[in-house]
Amino acid sequence: MAADTHTQRTIRGANWNMMRVIVQTVVSLGVTIVVARILPPEDFGLLATAMIFIGLAEIISAMGMGAAVVQRKNLDEIAIRTANTLSVLIGVALVALILLVSEPVAIFFGDERVGPVIRVLSISLFVAALSTVSRGLIMRRMDFRRLFIVDSIGHVVGYAGVVIVMAVLGYGVWSLVMGTIATTVLGSILSFVYEPFRMTFTPEKSRLKELLSFGGGVSISSVVGYFARNVDFFVIGKFLDQIMLGLYSRAYHLVNLPLAKIAGTLTNVMFSSYSEVQDDKERLRQVYFRVVSVTALMAFPVFVGMLVSGQYIITGMYGDNWIGAVPAFQVLCLMGLIRLVLILTGPVIQAMGHVHAEMRRQIVFFVLLTAACIVAVPEGIAAVGFAVVGATLWLYLSMANLAIKLLDSNWIEFIKVQLPGYLLAAFVGLVDAAVLYLLEGKIASSELMLLIMLVTSGLAYLIGFFGLPASMMGDVPGWVLGKYGHMLPAGLRGWALKRVATGVE
């Protein structure tokens, strides 16, 4: 019964988190489509440069306290207050540091506009530090319904409302800056409604040591990972220009949108779920492999479809001015395939307490990626994309090997659970390529071609999901329908379950 209760809570949390992610995705994508036709690529490049440092500071300011309050088996009020105190103190120190280094950073990039943007964005840094423990406590209870409310209001009211209005009024890059701040402020205020902020001025040394031991490891690993995820932006911004950085940042973020949102539906939930059963290795292995198999089936076809239709996705959404982003976008779709499973592996390693093993691998990854990007950047942003793919592949293999050992599994089992996703992705890619070949040069409108390819990919996915033989697809489609089939009409549900159970031979 306990296992059933845990499974039900995990699925319920994933459902709410999926709704949260869908809202964020729709809002972010919609705002980007609108604003990209108002603001030039240079403004996006300017924000991307500033966010390199603000995003890093946010990770350091949290000091892993949100993850620490989720992972701890026993959590008392003293530990909660101590975690909040640490987050606030470190946040204040980092804001002060950012104010000091903003001008040198602007000089380094040769653009005086970077300094003021960094200084204003530091507001969101301090606000985020205040709410990191409150969000962690909500996650610990696996109450993702409340996180859905918090983040949905923040994105719809804060981000969409502020960015679009300010962009239309001609505020340029500041519309993006103020939208980012508004989202953080609204989200933090709502977090406090559900989990009030409280701190202590006399923290116990024992609690400090316990929290910093795990939280510090998570934070260091996250910092190194953040450097690694942004070193390509850093290198392009330094050695090329803001226009190239703007093109690359839109290509990267468009690839990262489904990557972050699909995986983001599960990572927070699964870290909470894994932490609850961290002492039951067999149960942990079953849950992890099920998450990998389902996510691969849902997301691998998305990235392959994006790769094949890359030209029309970029020009259809953003306009012909962004055509230079297409090669980098298609290369980075390969990175998306690799990073998807990589992102799902981190939570299980952290839940088992091996944060320092992950940290060491992140450091090696950062070194490899930095060297590769520096070598590749003279050849352009697509070459930098290939550097990212190569380094990410190494990290994927290293992290997967660690997870396999910790879970007493093997590579055959690990690859086997992903096979249905790869097969369905290959089917979708072949159908998309065939349609593109037949329509090439016959339709002038990029927007119409984008719509056609979206419909084609969707139909191909459904045909493959229900039509590929069960001997190839395994039990993953049946499991998905078993958990979510109740949303379908009774007749259609019965037909669908029969199809995935028997296959089409």
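Predicted model: local features only at pLDDT ≥ 70, side-chain atom pairs only at ≥ 80, totals over all residues.
**Group meeting talk: a helical chain and its packing**

Let me begin with helix α11, residues 310–318, which is mostly covered, since eight of its nine residues are buried, where buried means under 20% relative accessible area, exposed means over 50% and partly exposed lies in between, with a 1.4 Å probe and protein chains only. Residues are numbered from 1 along each chain as its sequence is written, and side-chain values use heavy atoms, with hydrogens and water left out.

Back to α11: the buried residues are Gly310, Tyr312, Ile313, Ile314, Thr315, Gly316, Met317 and Tyr318. Just after the helix, Gly319 takes a positive phi of about 105°.

A residue that belongs with this helix is Val326, found in helix α12, residues 326–351. Val326 is buried, with a relative accessible area of 8%, and, leaving aside residues up to four places away in sequence, Val326 touches Gly310, Gln311 and Ile314, a contact being heavy atoms within 4.5 Å. Val326 and Tyr312 are 14 residues apart in sequence, and their C-alpha atoms are 8.8 Å apart in space.

Now the chain as a whole. Its secondary structure comes to 20 helices and zero strands, helices being DSSP runs of H or I with at least four residues and strands runs of E with at least two, numbered from the N terminus. Of the 505 residues, 56% count as buried, and the chain exposes about 21000 Å², with carbon and sulfur atoms supplying 69% of that area, as computed by the Shrake-Rupley method with a 1.4 Å probe. Among contacts with a separation of 6 or more, residues 24 or more positions apart account for 83%.

Next, two helix pairs. Two packed helices are described by the angle between their axes and the distance between the axes. How do the axes of α4 and α5 cross? Helix α4, residues 77–109, and helix α5, residues 114–140, have axes that come within 9 Å and cross at roughly 170°, the axes being lines fitted to C-alpha atoms over the stretch in contact, with angles from 0 to 180 degrees between N-to-C directions. That makes α4 roughly antiparallel to α5, a term that applies to angles over 145 degrees. The residues of this contact divide into 19 nonpolar, seven polar and two charged.

In the second pair, the axes of α6, residues 144–168, and α7, residues 173–194, come within 8 Å and cross at roughly 155°, and these two helices are therefore roughly antiparallel to each other as well. Here the contact residues divide into 16 nonpolar, nine polar and one charged.

Within α6 sits Ile164, which is partly exposed, with a relative accessible area of 26%. Not counting residues up to four places away in sequence, Ile164 touches Val31, Val35 and Tyr159, and the C-alpha atoms of Ile164 and Gly179, 15 residues apart along the chain, are separated by 8.7 Å.

I will finish with the backbone. Most residues other than glycine have a negative phi. Asp408, however, has a positive phi, near 55°, and is placed in the loop between α14, residues 381–406, and α15, residues 411–416. Is Asp408 buried or exposed? At 55% relative accessibility, Asp408 counts as exposed.

How values were computed
Parallel < 35°, antiparallel > 145°, perpendicular 65-115°, else oblique. Nonpolar A, V, L, I, M, F, W, Y, C, P; charged D, E, K, R; others polar.
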